[in-house]
Amino acid sequence: MRACWLVGTEERGLRVPLPHLAAVVLGRGPRTRIADRRCSRQQVLLKADCNKGYVTVKQIGVNPTSVDLVDVGKDEEVKMRPGQVLHIVNKLYPFVVQFGEESEESVMEAEEKIQTEKRPCEDSCENDDIENVPKKAKKMEVVDTQSSSADLRPSRSSVSPHEGTTSRKEHLGHWSQGLKSSMQDPKVQVYKDEKTVVIKDKYPKARYHWLVLPWDSISSLKSVTREHLGLLEHMHAVGQKMIQQCPAKESLEFRLGYHAIPSMSQLHLHVISQDFDSPALKTKKHWNSFTTEYFLNSEEVIEMVRSKGKVTVNDQASELLKLPLRCHLCKQQLSTIPQLKEHLKKHWTK
């Protein structure tokens, strides 16, 4: 009999059975090993269709659940298939789905366990959950770091809906795969080898802005282990190679690094010049994503993996995007992006 499991990617042995067409509610608690109070006890409702090979994901908690780093939306549903990553809340606690054959007896045991663990949802159920935004700001603000990565906007020509797509919300979920599409396109590739490919950022935030991506499917830094150390070092070396072949390398400074919470579902290293002279740099969030600790230096990431075997990302990293605008060179505070851009010109002439 075909069966389905929700499998944690950060904790060994974390498997939650999803019986065929059974409604399974998960959130903060022992089954997911999540203790974060921003995660509701009843955060998501999952229903696996073992015959069709997908799991319906419905967000019922206050804070955002996401599939492939795209928010599902309160009381909205999307279909999730093998290869996609479910983050239970706030782009944290990643899980994947697995389908396989299992004996009828074990499937029945799993169904019985689900039934015995069900609890009625009382009015006070959410009282000790922490909401990300004030109640007056019920509409979730979309972090506009999306346009800092290549091919981020959904387009009818590049997005191929999965079979069985039934809603616009689900269709939009596929834009997070944009990097995987772009990296396969010879027209946008500027370098490739057996391990990596380099493309130009479609919405560059500086005069020179490349993305180095591994051919291997790695969703984000949270999926990186010590086994990936050699790959991270190779990506860094490729980034350095891009700088060396840049015609303006003598006059410009460069940084290599990763966004703490990327908007795209494929690991990518930013190689970006520090002039930030680009019409695509439009918002405070764009600026802070590259000039605060939200931008993790490549060498520091490599050292973290070498010493700890993983990359630790601050859960509050998104708060860095809200910091005041400050020049990354002289630290002068500016009020608006136009003022900041005018100020930066003073440094270009030095």
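Me: What makes glutamate 303 and arginine 306 a salt bridge?

Reply: A salt bridge is a side-chain nitrogen of Lys or Arg within 4 Å of a carboxyl oxygen of Asp or Glu. The closest N and O atoms of glutamate 303 and arginine 306 are 2.9 Å apart, so the pair meets that cut-off. This is a predicted model, in which local features need pLDDT of at least 70 and side-chain atom pairs count only at pLDDT 80 or more, while totals for chains, interfaces and linings use all residues. Residues are numbered from 1 along each chain as its sequence is written, and side-chain values use heavy atoms, with hydrogens and water left out.

Me: Where do glutamate 303 and arginine 306 lie?

Reply: Both are in helix α6 (residues 298-308), 3 residues apart, which is about one turn of the helix. Helices (H or I, at least four residues) and strands (E, at least two) are DSSP runs, numbered from the N terminus. The chain has 7 helices and 18 strands.

Me: Why is glutamate 303 called partly exposed?

Reply: Buried means under 20% relative accessible area, exposed over 50%, and partly exposed in between (1.4 Å probe, protein chains only). Glutamate 303 has 41%, so it falls in between. Arginine 306, with 38%, is partly exposed too.

Me: How many salt bridges does the whole structure hold?

Reply: A search finds 10. One of them joins aspartate 275 and arginine 207, at 3.6 Å from N to O. Aspartate 275 lies in the loop between β15 (269-273) and α5 (284-291), and arginine 207 in the loop between β12 (196-200) and β13 (209-214), so the pair ties together parts that are 68 residues apart in sequence.

Me: Is aspartate 275 buried or exposed?

Reply: Aspartate 275 has 3% relative accessibility, so it counts as buried.

Me: What makes the link between histidine 236 and serine 298 a polar contact?

Reply: A polar contact is a pair of N or O atoms within 3.5 Å; within protein, one must be able to donate a hydrogen and the other to accept it, and residues adjacent in sequence count only if both atoms are side-chain atoms. The side chains of histidine 236 and serine 298 are joined at 2.8 Å, so the distance passes. Histidine 236 is in helix α4 (residues 229-244), and its relative accessible area of 12% makes it buried.

Me: Which residues does histidine 236 contact, leaving aside its neighbours within four places in sequence?

Reply: They are Leu256, Leu269, Ser298, Glu299 and Ile302. Contact means heavy atoms within 4.5 Å.

Me: What makes a group of residues a nonpolar core?

Reply: The members are buried Ala, Val, Leu, Ile, Met, Phe, Trp, Tyr and Cys residues joined through side-chain atoms within 4.5 Å. The largest such core here has 33 residues, and Leu221, Val224, Leu232, Met235, Tyr258, Leu267 and Val311 touch the most other members. β13, α4, β14 (254-259), β15 and α6 each give two or more residues to this core, and α4 gives the most, with 7. A second, separate core of 25 residues includes Leu14, Cys50, Val72 and Met80.

Me: How much of the chain is buried?

Reply: Buried residues make up 51% of the 350 residues.
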